[in-house]
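Here are a few exercises to work through with the model open in your viewer. Try each task before reading its solution.

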Amino acid sequence: RVTELEKPRKIEEPLWVGSVLPLNTDTVQPNKKLSECNSGWLLLWSDYNDTDGNAGNFDYASTFIPKKRVNGAWSGQSFLDVISASMADDGSNFIIVKKLAIYDEFISGFAGNGATTHGKDICLRAIYEV
């Protein structure tokens with residue numbers, strides 16, 4: 001007999017879709033509050049070409065934002081997102097850090113997220129409920 005936890009879950013539609021670094025001028029508002037999600041938000045990142053402003057459909061990475069913080073609800077606390085990426089033409093690896101402000105209803109970014117060559121090489125593409 002299969003229990004409820006063992007049943008495969010349907011992949012849900014994204015709560016938000018776009019292409020942002022995100023900078024201090026960006027606000028990303030999923031169509032479901034973090035507190036209303038089952039466990040949290042899953043952020044999907046991908047390659048970004050800052051010369052033409054287009055996101056690439058490769059070099060994906062993801063980040064889990066838990067519904068609950070250690071000290072209570074999210075109300076703008078910063079979240080340092082460490083994204084490992086291997087995007088250099090020579091095959092070398094590097095780490096990208098994105099700083100986000102997490103709120104129950106939205107995410108905002110920081111100017112520093114696009115201040116470096118590597119920081120401009122990956123963008124937020126979608127948010128899913130998990």
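**Exercise 1: the surface patch**

Solution. Start with the members: Leu80, Val82, Ile95 and Val97 make up the patch, and together they have about 390 Å² of accessible area. Areas are Shrake-Rupley values with a 1.4 Å probe, and for residues only the protein chains shown count as cover. Next, the elements: strand 6 (75-85) and strand 7 (94-103) each give two or more residues. Strands here are DSSP runs of E, at least two residues, numbered from the N terminus.

Before going on, note that this is a predicted model, where local features need pLDDT of at least 70, side-chain atom pairs count only at pLDDT 80 or more, and totals for chains, interfaces and linings use all residues. Residues are numbered from 1 along each chain as its sequence is written, and side-chain values use heavy atoms, leaving out hydrogens and water.

**Exercise 2: one patch member**

Decide whether Val82 is buried or exposed.

Solution. Locate Val82 in strand 6. Then apply the cut-offs: buried is under 20% relative accessible area, exposed is over 50%, and partly exposed is in between (1.4 Å probe, protein chains only). Val82 has 57% relative accessibility, so it counts as exposed.

**Exercise 3: the core**

Work out which residues touch the most other members of the largest nonpolar core.

Solution. A core is a set of buried Ala, Val, Leu, Ile, Met, Phe, Trp, Tyr and Cys residues joined through side-chain atoms within 4.5 Å. The largest one has 22 residues, and Trp41, Leu43 and Ile102 touch the most other members. Strands 1 (16-20), 3 (40-49), 5 (61-66), 6, 7 and 9 (122-129) each supply at least two residues. Strand 7 gives the largest share, four residues.

**Exercise 4: the aromatic pairs**

Classify the two aromatic pairs.

Solution. Rings of Phe, Tyr and Trp (its six-membered ring) pair if their centres lie within 6.5 Å; planes under 30 degrees apart are stacked, over 60 edge-to-face, and the rest tilted. Trp74 and Phe79 have ring centres 6.1 Å apart and planes at 70 degrees, so they are edge-to-face. Tyr103 and Phe106, with centres 4.3 Å apart and planes at 20 degrees, are therefore stacked.

Key: Patch = residues over 30% accessible without salt bridge, like charges linked within 9 Å, V, L, I, M, F, W, Y side chains within 5 Å. Salt bridge = Lys/Arg side-chain N within 4 Å of Asp/Glu carboxyl O.
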